Amino acid sequence: MSSLRVNGKVMPGKLIGKSLLGLFQRCGCRILARLVALLLLAVLSIALITGCALPEQPPGAETSGGQGEMAGSPSTGQEPAAAGDESSDAGEGVLRAHFLDVGQGDAIFLELPDGRVMLIDAGPNEAGTKVVSYLREHGVKRIDFLIATHPHADHIGGMDAVIRSFDIGAVYMPRVATGTKTFEEVLLALKEKGLKAKEAKSGVSIPVGEGLAAEFIAPRGSGYEDLNNWSSVLRVCYGDVALLFTGDAEAESEMEMLEAGIPLRADLLKVAHHGSSSSTTPRFLQAVRPKYAVISVGAGNDYGHPHKETLKNLEKAGVQVYRTDRCGTVVFRSDGRTLAVESREK
């Protein structure tokens with residue numbers, strides 16, 4: 001049945017026709033009424049068949065350059081999801097956080113409520129192809145916000161492959177460098193694309209759109225001996241739900257965040273440094289008070305991650321823990337009011 005959207009409500013075409021007919025009948029013009037009503041229904045049918053739609057425009061909104069686009073309209077960077085796809089409501093007010101199973105490393109893909117895409121780290125070198133494939137399987141063509149938390153190979157190893165495979169928007173990195181080949185490959189990939197990184201440090205916000213907030217709350221200092229403490233820590237808030245992505249930040253950085261008195265509360269915590277005992281101190285965990293935690297960690301890794309002390313602290317705090325070595329890729333879903341695990345790979 002043909003239909004028309006009027007003031008945000010869908011009206012069946014037949015009902016519209018009857019309404020118009022009734023109006024003209026009351027005016028005593030029955031024949032003319034039938035002709036006009038039939039003409040309007042024909043126009044509506046042609047419009048629907050050809051895919052045209054009457055424009056919806058919020059009060060006060062402006063259009064740009066006569067091109068029919070809403071001013072400030074974000075680029076989605078994604079193809080429309082197929083019917084039945086678990087991401088079919090992406091870009092329609094849903095936030096998804098995918099913690100990819102990349103072995104011993106971090107790679108977190110965020111589908112933002114407005115359809116844009118954020119990627120936090122890209123796993124080790126050998127995971128680059130997997131990260132690229134995963135993003136393509138989810139229809140990603142453009143990464144609007146790319147974040148390298150710090151220049152360790154298990155976080156940025158796959159990033160050069162990602163940069164070369166997608167259209168890239170803004171890039172964020174902490175102001176620290178290393179002389180490793182992995183780091184140089186990332187810089188070379190950025191140069192090839194003509195991209196320059198913005199500094200990721202405490203107080204810097206990412207323009208993620210209305211209803212969503214994303215702000216770096218670390219690093220707060222400028223002279224760390226351990227590269228892990230240079231990790232950019234990002235807090236994302238969507239409605240009543242908060243997520244905290246910590247990179248490999250260790251106790252020194254955690255103490256700086258605590259002493260700064262900034263909000264740390266989060267429903268979901270990406271456990272820092274793959275569950276090492278050098279991070280996730282009891283005081284920090286008490287401030288965050290997460291319901292869920294994800295540990296990105298490789299099975300049988302050489303570091304013994306996650307450490308039993310960290311697991312014990314999380315258990316004591318009553319946190320529900322998901323590990324990528326046991327669960328595979330884990331996906332969380334939020335509508336801004338609730339947060340829940342949507343799927344696990346294994």
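His 274 counts as buried in this predicted model, at 1% relative accessibility. The residue is found in the loop between strand 14 (268–270) and helix 8 (282–288). Its backbone also deserves a look, for His 274 has a positive phi of about 60° although it is not a glycine. Most residues other than glycine have a negative phi. A second residue can be read in the same way: phi of Asp 121 is near 65°, again a positive value in a residue other than glycine. Asp 121 lies in the loop between strand 7 (117–120) and helix 3 (128–137). With a relative accessible area of 1%, Asp 121 is buried, because this value falls under the 20% limit for that class.

Most peptide bonds are trans. The bond from Ala 218 to Pro 219, however, is cis, with omega near 5°. Pro 219 has its place in the loop between strand 11 (212–218) and strand 12 (233–238). The bond from His 305 to Pro 306 is cis as well, and here omega is near -5°. Pro 306 lies in the loop that runs between strand 15 (292–295) and helix 9 (308–316).

From these loops, attention can turn to the sheet. Eight strands form an open sheet in the order 10-9-8-7-6-5-17-18, and their pairing is mixed. The edges are taken by strand 10 and strand 18 (339–344), each of which has a single partner strand, so one side of each is left without a neighbour in the sheet. From one strand to the next, the twist averages 20°. Strands of a sheet pair through backbone hydrogen bonds, either parallel or antiparallel.

Strand 9 pairs with strand 8 (residues 142–147) in the parallel sense, over five bridges. Within this pairing, Phe 145 stands opposite Ala 170 of strand 9. Strand 9 also runs parallel to strand 10 (residues 197–199), to which three bridges join it. Here Tyr 172 is found opposite Lys 198 of strand 10.

Ser 334 stands opposite Leu 339 in strand 18.

How many disulfides does the structure hold? The number is zero. Among the cysteines, Cys 237 is partly exposed, with a relative accessible area of 22%. Cys 327, in turn, is buried, with a relative accessible area of 10%.

How values were computed:
Residues are numbered from 1 along each chain as its sequence is written. This is a predicted model: local features need pLDDT of at least 70, side-chain atom pairs count only at pLDDT 80 or more; totals for chains, interfaces and linings use all residues. Side-chain values use heavy atoms; hydrogens and water are left out. Two strands pair if DSSP finds at least two bridges between them. Helices (H or I, at least four residues) and strands (E, at least two) are DSSP runs, numbered from the N terminus. Axes are lines fitted to C-alpha atoms, for helices over the stretch in contact, and angles run from 0 to 180 degrees between N-to-C directions. A disulfide is a pair of cysteine sulfur atoms within 2.5 Å. Buried means under 20% relative accessible area, exposed over 50%, partly exposed in between (1.4 Å probe, protein chains only).
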